[in-house]
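The briefing below is arranged by topic and is meant to be read with the sequence and the coordinates side by side.

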Amino acid sequence: MKQQLERIRSEALAALNAAADGQELEALRVRYLGKKGELTAVLKQMGKLSPEERPVMGQVANNVRAAIEETLEQAKTHLAAKAMEVRLQAEAVDVTIPGEAVALGHQHPMNMVLQEIKDIFVGMGYQVVDGPEVELASYNFTRLNIEEGHPSRDRSDTFYFTDDDSLLLRTQTSPMQIRFMENHKPPLCMLAPGRVFRKDEADATHSPMFHQIEGLVVDEGITMGDLKGALTTLMKRIYGEDSVMRFRPHHFPFTEPSCEMDMQCHKCQGTGEVDGQVCSTCHGEGWIELLGAGMVHPKVLENCGIDPEKYSGFAFGMGLERMAMGRLRINDLRLIFDNDVRFLNQF
Ligand code: PHE
């Protein structure tokens, strides 16, 4: 019997030490220590022993049980530690791996050009202001000396809100001249960028919504020379010292005299042709119209309570999209509004 017990002990210990996981350990516990286990089976034969042998064997059996129990506990602890190790390795985070760079966006190309233009004018002392897109007809037209019945007031050109045509989406940033002069006394120097709206079909050079930048300077002794100086400075800073501009006489009801400023076409260099074809950017003109300008009409000054005998001023309104297209060599206005990232990423 002693041999039987010793065999159980050595078999059990070897099996426990070799067990691969908790399940196997539990099976071994049942096999050796369970009610129907091997050790129990041997102990059931104790009755056959002589009274002298019985306590001796009992002692041996207890030792074997204790040894198996102890080894079982050790194996449990060991396997748990091993499992934890495996898990830690599998779930390890390598904090030294370089992070993935987050793709950063950037300003819209039109905003880049707007920022450049604002910087240039701020450098010349202009104050940048903002105004309403939903405007009164009196500011958009009447007080700018645009009379009832003037073609620019036509319903086919203007988005009106009311039947009496008194409220509209501003068709130009020029109402900001009136708004600014209402609240400021000369000398004044203002720049007002913003959205304007006209009933235009969208094509390569037109959109029902576009941006203008209005400028206004009023002081004593302001002349057309000041206007040309300010605008030439802007153009040379934006398009380069060698860019070619021209001033052309024009008519606006709110300036007198009035002019338009054109830039030589960047696509065809003023020839109107590209590879024997009519230049698509300037439609063969050789020039791109950038802005309207002129000396503020005395009636407009009067409408704002400024004495035209004492003060004079100039005003200009330029198309921001046109400026951006020339500056960034974009040949279709729709690209600016489509916001296709393949286009935007090029800037
Ligand atoms: N508002 C005019 C336009 O939209 C441009 C302009 C502004 C002309 C200021 C003269 C003075 O065409």
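Predicted model: local features only at pLDDT ≥ 70, side-chain atom pairs only at ≥ 80, totals over all residues.

How many nonpolar, polar and charged residues does the lining of the second largest pocket have? By class, that lining holds 5 nonpolar, 5 polar and 3 charged residues.

- At least two lining residues of the second largest pocket come from each of helix 8 (224–239), strand 7 and helix 10 (320–328).

**Strands 6 and 7**

- Strand 6, which covers residues 245–252, and strand 7, which covers residues 255–264, are paired in the antiparallel sense over 7 bridges, and the hairpin that joins strand 6 to strand 7 runs through 2 residues.
- Within this pairing, Pro 249 stands opposite Cys 259, a residue of strand 7.
- Strand 7 also contains Pro 257, and the peptide bond that leads from Glu 256 to Pro 257 is cis, with omega near -5 degrees.

- With a cut-off of 2.5 Å between cysteine sulfur atoms, the count of disulfides is 0.
- Cys 268 is in no disulfide, and the nearest cysteine sulfur, which belongs to Cys 282, is 3.6 Å away.

- A cis peptide bond links Pro 186 to Pro 187, with omega near 5 degrees, and Pro 187 is found in the loop that lies between helix 7 (175–183) and strand 4 (188–197).
- Asp 275, a residue other than glycine, has a positive phi near 50 degrees; Asp 275 sits in the loop between strand 8 (273–274) and strand 9 (277–278), and counts as exposed because its relative accessible area is 75%.
- Asn 339 is not a glycine either, yet its phi is positive, at about 60 degrees; the place of Asn 339 is the loop between helix 11 (333–338) and helix 12 (341–344), and Asn 339 counts as partly exposed because its relative accessibility is 40%.

**A loop residue and its contacts**

- Is Leu 49 buried or exposed? Leu 49 counts as buried because its relative accessibility is 15%, and this residue lies in the loop between helix 3 (38–43) and helix 4 (53–90).
- Leaving aside residues up to four places away in sequence, Leu 49 touches Met 1, Arg 54 and Met 57.
- Leu 49 and Met 1 are 48 residues apart along the chain, and their C-alpha atoms are separated by 9.4 Å.

Methods: Residues numbered from 1 in each chain as written. Heavy atoms only, no water. Pairing = 2+ DSSP bridges. Helix = DSSP H or I, 4+ residues; strand = E, 2+ residues; numbered from the N terminus. Nonpolar A, V, L, I, M, F, W, Y, C, P; charged D, E, K, R; others polar. Buried < 20%, exposed > 50% of the residue type's maximum accessible area, 1.4 Å probe, protein only. Contact = heavy atoms within 4.5 Å.
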